[in-house]
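Subject: Structure for you, plus notes

Hi,

Here is the structure I promised to pass on.

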Amino acid sequence: MTGSEALLRRHDTHVMRTYGPPKAAFVRGQGTRLFDAEGGSWLDFLCGLAVTSLGHAHPSVTEAVAQQAATLVHTSNLYVTEPAVILAEHLARLTGWSDARTFFAQCGATANEAAIKLARRHGKAQHPDKTRLVTLDGSFHGRTLATLEATGQPAKHDAFAPLAGFVDTVAHDDAEAVRDAVGPATCGVLLEVVQGEGGVRPLSPEVLQAAREACDEHGAVLIIDEVQTGVGRTGPWFAYQDTDVTPDVVTLAKALANGLPIGACVARGPAAEALGPGDHATTFGGNPVTCAAANAVIEVIESDRLLTTAGARSERLVAGLNDLVASSPLATGVRGRGLLLGLELAGDVAAEVEAGCRDRRLLVNAVAPDVLRLAPPLTVSRAEIDEALAVVGEVLADAA
Ligand SMILES: Cc1ncc(COP(=O)(O)O)c(C=O)c1O
């Protein structure tokens with residue numbers, strides 16, 4: 001038995017089977033590469049689901065974590081530590097919201113949970129019945145009970161019904177439906193600018209505009225879930241910055257600390273004041289180590305001008321994927337933004353293409369039955385893009 005097989009077997013003995021059978025085991029990462037116990041090198045075009053955007057083991061993040069871990073790891077939110085304050089200041093600067101306030105959580109779901117509670121509190125201050133949330137079909141907002149209900153994928157609900165019944169889910173491509181769904185009882189609208197888990201599906205400007213206008217009309221907060229799209233993944237710092245719409249609340253997680261668990265709910269204006277002392281809390285929120293990692297991420301993206309580099313890499317990857325569309329009958333289109341891309345396939349073959357890529361040690365994933373997701377780090381090199389494209393091309397040729 002190889003070292004990887006032994007690890008997979010031990011995993012299967014005592015770790016809960018919530019994720020389906022794991023597909024590989026890794027012991028080390030460096031840049032765009034992961035390494036297995038046998039020393040095999042894998043090209044990581046998934047980044048741990050859009051998380052390790054600076055690549056694995058980025059020296060600045062490693063240094064920040066090591067230094068902070070040797071200095072102060074935890075105090076609770078009864079006290080203040082500087083890394084969290086610096087991070088909140090960074091987020092105010094990057095959103096451009098001088099009145100921004102951040103609540104720190106541990107992941108995407110807990111960032112969204114905070115945003116939903118914020119919307120409730122803001123709504124109930126206007127009217128006791130202003131508690132409903134509007135979300136879109138195909139969305140993904142997390143797996144806690146509230147964020148699961150907000151997730152517009154009913155198949156994920158069934159095993160946990162009954163849910164609380166406070167969410168109205170409408171079509172993701174119908175501006176009128178969004179307008180109609182938002183009313184006096186709505187406290188918030190929650191949406192992604194590009195639905196990540198929903199298949200790398202950008203929303204139309206009309207839907208975003210309708211959500212903004214309906215929120216303004218009814219005193220509801222517009223929450224944009226940037227858990228997957230944020231921190232440069234789709235081009236700008238936050239995907240909404242490429243649209244004409246400014247949310248009241250933005251939620252972040254995934255890439256914010258390049259792999260350390262963190263979530264953030266950033267609000268502006270009256271929404272920033274909606275939650276008061278005692279309304280919401282979490283023991284690990286604002287942890288100095290994870291915040292120090294996030295500060296390092298932001299500083300590296302700025303000092304290395306990674307948003308610009310990633311834009312150029314995105315163009316190269318999109319051009320290469322379009323070449324595959326031109327040359328392979330199995331590839332039918334390319335969608336997404338920046339380095340959050342989906343290769344559309346002719347039929348439900350994405351799992352097969354994912355497996356073929358994995359056999360060749362390229363990590364991508366079937367985000368929908370007919371869509372392959374590619375999300376390499378913002379630091380990906382031209383040569384790595386060409387290597388990945390060659391692998392996907394080979395797999396498509398084999399599958400055809
Ligand atoms: C847009 C979006 N929101 C929320 C989440 C949930 O994040 P987490 O898994 O960190 O709870 C995800 C995870 O994929 C996501 O893509």
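You will find C47 in helix α2, which covers residues 47-50. The backbone is worth a look there too: C47 has a positive phi of about 60°, although it is not a glycine. Please keep in mind that this is a predicted model, and that the values below are computed from it.

Now to the ligand. The space it takes is the largest pocket. There are 13 residues around the ligand, and G108, A109, D225, Q228 and K254 come nearest. Which element gives the most to the shell around it? That is α5, with three residues.

On the nitrogen side, a polar backbone atom of F140 is 3.3 Å from a nitrogen atom of the ligand. How much of the ligand does the protein cover? On its own the ligand has 390 Å² of accessible area, and the protein covers 82% of that.

Back to α5 itself. This helix runs over residues 108-124, 17 residues in total. From its first C-alpha to its last it reaches 24 Å, close to the 24 Å expected at 1.5 Å a residue. Its buried residues are G108, A109, A111, N112, A114, A115, I116, L118, A119, H122 and G123. As a reminder for reading such a list, an α-helix has 3.6 residues a turn, so residues three or four places apart point the same way.

The side chain of N112 makes a polar contact with the side chain of T251, at 2.7 Å. T251 lies in strand β11, residues 249-252, and counts as buried because its relative accessibility is 0%.

Another side chain to click on is S314, in helix α11 (residues 306-327). What does the side chain of S314 reach? It reaches the backbone oxygen of G338, at 2.7 Å. S314 counts as buried, since its relative accessibility is 9%.

L372 is in strand β17, residues 371-374. With a relative accessible area of 0%, L372 is buried. If you want a distance to check in your viewer, the C-alpha atoms of L372 and V231 are separated by 22 Å, and the two residues are 141 apart along the chain.

Finally, two backbone details in loops. Where is the cis peptide bond that involves P162? It runs from A161 to P162, with omega near 0°, and P162 sits in the loop between α6 (145-150) and β6 (167-170). The other detail is S76, a residue other than glycine whose phi is positive, near 80°. S76 is in the loop between α3 (59-69) and α4 (82-95).

That's everything from my side.

Cheers

Conventions
Residues numbered from 1 in each chain as written. Predicted model: local features only at pLDDT ≥ 70, side-chain atom pairs only at ≥ 80, totals over all residues. Heavy atoms only, no water. Helix = DSSP H or I, 4+ residues; strand = E, 2+ residues; numbered from the N terminus. Expected span 1.5 Å × (residues − 1). Buried < 20%, exposed > 50% of the residue type's maximum accessible area, 1.4 Å probe, protein only. Near = heavy atom within 4 Å. Polar contact = N/O pair within 3.5 Å; in protein donor to acceptor, adjacent residues only side chain to side chain. Areas by Shrake-Rupley, 256 points an atom, 1.4 Å probe, with all protein chains shown as cover. 1 Å grid on protein atoms, 1.4 Å probe; cavity = no way out; pocket = protein on both sides within 12 Å on 5 of 7 lines; lining within 4 Å. Sits in = over half its atoms within 2 Å of the grid points.
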